[in-house]
Amino acid sequence: MRTSGILMHISSLPSPYGIGTMGKEARKFADFLEKAGQKYWQILPICPTSYGDSPYQSFSSFAGNPYFIDLEYLCEEKLLKKKECESYPWGKDPRSVDYGILYDSRYKLLRHACRRFEKREPEDFARFCEKEAYWLDDYALFMALKDANGGAAWFSWEKELKTRDEKALKKARKKYAGDIRFYQMLQYLFFKQWWELKAYVNAKGIEIIGDVPIYVAGDSADVWANPEQFYLNEELDPIDVAGCPPDAFSEDGQLWGNPLFRWDVMKRDGYGWWTKRVQAMSKLYDVVRIDHFRGFDSYYAIPAGDTTAKNGEWRKGPGMDLFRVLEKNLGRLNIIVEDLGFLTPSVLELVKDSGFPGMKVIQFAFDSREGSNYLPHTYGQHCVVYTGTHDNDTLLGWMESAPKESVKFAKEYLNLTKKEGYNWGMMRGAWASVGDLAVVPMQDVIGLGGEARMNTPSTLGGNWQWRAMPEQINGKTAKRLYKYMEMYGRLWKVKKAKKEKGNA
């Protein structure tokens, strides 16, 4: 079936108080998607962000980002007062997230909510903590200890806490009980709002595509609580770290710095950690997009301490063995794989054997620096077509910054005209393709330039900040999208969805 979707992260919604949230503006966006005939809403990871504010570097693979808790809903529940929300600074530009101000203001305000929460604790709070204990206990303690250590990474904590000495942990749980409870409360509030939002979105026949990074942050509850699963030495420091080798886009390659998995250890315990992670993410989202899928075939290992990715080497990953175990444990998985980058025959074979659809990015089709199989006429049906991802410039930004011969080729191939709008012409290229699903970033729908780019890989600062303005998500744009969905056979309606479900 031909369908379409829009990529728009929660943080980019035009909610009040500094960042997009799971409140009324999220529901308005779902209404917009429905009016625009869209089947999917794709978002980036919704886990708590750490250093650099990247959703791909999180303190936990399982927790939700407290920034996305809607403050207006907390006011309705009498956990906050509107005047309290308005008394804190949230940044000067509503089109951009100021993470420094947000961090300082948001947590102070949420502490107020916590004090009121404790006075009339909901009946289901204890059940939530018990049900999610397999990750929540370690995460809440981890965050409490980070606060106690001035935000320092866990591998710089005192030895007893770093190595999880049981006596030291027992003492810490007692000493920091209040802070632990605070972080448990934040997760309760997050997931309460998340499940309500997801139910609203799903009721419209719209499904949520969520990103899952292949790697986790070194400074995370995941690594601290499960060090044996990661490639660390006896002092619990990384031996080698993740990244990408040099290519036409980066002379030094990309040094991500994430600890690598001990796939041999994971295999021996039946991939237990991965099973829990994929199970949780498959429940959280309707469709899971796995970032850097090629790393399951072979991954690039860089010596820890190197300042570039030049000296890394390729090593063999778990391949289909992991996915056979996951399917055996969890059933057939609804997954999209990010199969971009340098693809060897074995990577292509893994994608084929998995049966999961891969990705095609139209921006890559016209890059004159390397050969490409991303031209739309080469696509098969079983793929997801993107105009660009969160790591690309916007379409109009690309038109300004790409080599002239690349832009000339794109204009000729897609018959782009300034009158229609180059962004609309390129999006039509995605919608007109034979790919089963086409996804376009909201920045391209609005028609924004490079100032609205979400992320520039291998850079720190200035990323993940873009936000939409309320007037940019409007009925006129929804109507135009709806027309194109009809034109290209991608229109999705709730009534249609219910009818097909009944026939199934």
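**Figure 1. Leu44 sits in a loop between strand 2 and helix 2.** This is a predicted model. Strand 2 covers residues 40–43, and helix 2 covers residues 71–76. Leu44 lies in the loop that links them. Its relative accessible area is 2%, so Leu44 counts as buried. What does Leu44 touch, beyond residues up to four places away in sequence? The list is Leu7, His9, Pro55, Tyr56, Asp211, Tyr285, His390, Met454 and Trp464. Now look at Arg289. Leu44 and Arg289 are 245 residues apart along the chain. Their C-alpha atoms are separated by 9.3 Å.

**Figure 2. Strand 6 pairs with strand 3 and with strand 9.** Strand 6 spans residues 287–290. Strand 3, residues 207–212, runs parallel to strand 6, and four bridges link the two.

**Figure 3. The side chains of strand 6 point two ways.**

**Figure 4. His292 and Arg164 each have a positive phi.** Neither residue is a glycine. The phi of His292 is about 60°. His292 belongs to the loop between strand 6 and strand 7, the latter being residues 298–303. With a relative accessible area of 8%, His292 is buried. The phi of Arg164 is near 60°. Arg164 is found in the loop between helix 7 (159–162) and helix 8 (166–175).

**Figure 5. Trp41 is among the residues with the most contacts inside the largest nonpolar core.** That core has 163 residues. Trp274 is the other residue named for the most contacts there. Helix 9, residues 177–203, gives the most to this core: twelve residues. In soluble globular proteins, nonpolar side chains tend to be buried together. Which residues are in contact with Trp41, leaving aside neighbours within four places in sequence? They include Ile6, Met8, Ile10 and Leu13. Ala26, Phe29 and Leu33 are also on the list.

**Figure 6. Helix 18 is mostly covered.** This helix runs over residues 422–432. How many of its eleven residues are buried? Nine are. The buried stretch from Tyr422 takes in Asn423, Trp424, Gly425, Met426 and Met427. Gly429, Ala430 and Trp431 are buried too.

**Figure 7. The whole chain holds 21 helices and twelve strands.** Its radius of gyration is 23 Å, close to the 23 Å given by the globule rule for 504 residues, so the chain is as compact as a globular protein of that length. The C-alpha trace spans about 70 × 55 × 50 Å along its principal axes. Of the 504 residues, 56% count as buried. Among contacts with a separation of 6 or more, 75% join residues 24 or more positions apart. The accessible surface is about 22300 Å², and 51% of that belongs to carbon and sulfur atoms.

Technical notes. Residues numbered from 1 in each chain as written. Predicted model: local features only at pLDDT ≥ 70, side-chain atom pairs only at ≥ 80, totals over all residues. Heavy atoms only, no water. Buried < 20%, exposed > 50% of the residue type's maximum accessible area, 1.4 Å probe, protein only. Pairing = 2+ DSSP bridges. Core = buried A, V, L, I, M, F, W, Y, C linked by side-chain atoms within 4.5 Å. Contact = heavy atoms within 4.5 Å. Rg over C-alpha atoms; globule rule 2.2 N^0.38 Å. Areas by Shrake-Rupley, 256 points an atom, 1.4 Å probe, with all protein chains shown as cover.
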